[in-house]
Amino acid sequence: MASDCSSFHSALDWYSGQLLRRRRFPPSEVRRQLKWLRDFGDSFPQRVEPAHVGQREVILYFAEHCDEFSDSVEWYHRYKAIETFYEDMASELGLPSNQIKGLYDENDIDPVSYTHLRAHETDSYLVCRLL
């Protein structure tokens, strides 16, 4: 991965330009998506490089924050922002792969439930059981 994206903050600096230039989002949408991505990056207990984030971290983020969303589909819009962020890093910066791509799709728009999160569990990725 490019050295200028070794942290979430440096990756977000790069990505803000991507959103304005390549995706041509209006400034208000850029600010909203960057806030969501910053919230996601800040949710980790320690500083984690973007390349080391996988499905487990995404599922835990949504499990821990599901009560904070303003409407029933905000979580999905946040997920799509995170997924697109990783897709752009994979295609533009050589991130090994987008490990979170396809985790959720339009069929999952109903609010995230604990049962739904448990359905994504594997032996190596356990959903927090403290909910």
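This is a predicted model: local features need pLDDT of at least 70, side-chain atom pairs count only at pLDDT 80 or more; totals for chains, interfaces and linings use all residues.

Is Glu83 buried or exposed? I looked it up: Glu83 is buried, at 9% relative accessibility.

Next I checked what Glu83 pairs with. Its side chain meets that of Lys80 in a salt bridge, 2.6 Å from N to O. Both sit in helix α4, three residues apart, about one turn of the helix. Lys80 counts as partly exposed, at 29% relative accessibility.

Arg32 forms a salt bridge with Glu29, with the closest N and O atoms 2.9 Å apart. These two are three residues apart in α2, so about one helical turn separates them. Glu29 is buried at 19%; with the cut-off for buried at under 20%, I flagged that value. Arg32 is partly exposed at 39%.

Then I went for Glu87, which has a salt bridge to Lys101 at 3.8 Å, N to O. Glu87 lies in α4 and Lys101 in the loop between α4 and α5 (114–119), so this pair ties together parts 14 residues apart in sequence. Glu87 is partly exposed at 29% relative accessibility.

I also noted a salt-bridge network linking Lys35, Asp39, Glu74 and Arg78. My tally of salt bridges is six.

Last, the core. The largest nonpolar core has 30 residues, and Phe40, Phe62 and Met89 are among those with the most contacts inside it. Helices α1, α2, α3 and α4 each supply at least two of its residues, and α4 gives the most, with eight. I listed the contacts of Phe40 beyond four places in sequence: they include Phe8, Val53, Ile82 and Tyr86.

Conventions
Residues are numbered from 1 along each chain as its sequence is written. Side-chain values use heavy atoms; hydrogens and water are left out. A nonpolar core is a set of buried Ala, Val, Leu, Ile, Met, Phe, Trp, Tyr and Cys residues joined through side-chain atoms within 4.5 Å. Buried means under 20% relative accessible area, exposed over 50%, partly exposed in between (1.4 Å probe, protein chains only). Helices (H or I, at least four residues) and strands (E, at least two) are DSSP runs, numbered from the N terminus. Contact means heavy atoms within 4.5 Å. A salt bridge is a side-chain nitrogen of Lys or Arg within 4 Å of a carboxyl oxygen of Asp or Glu.
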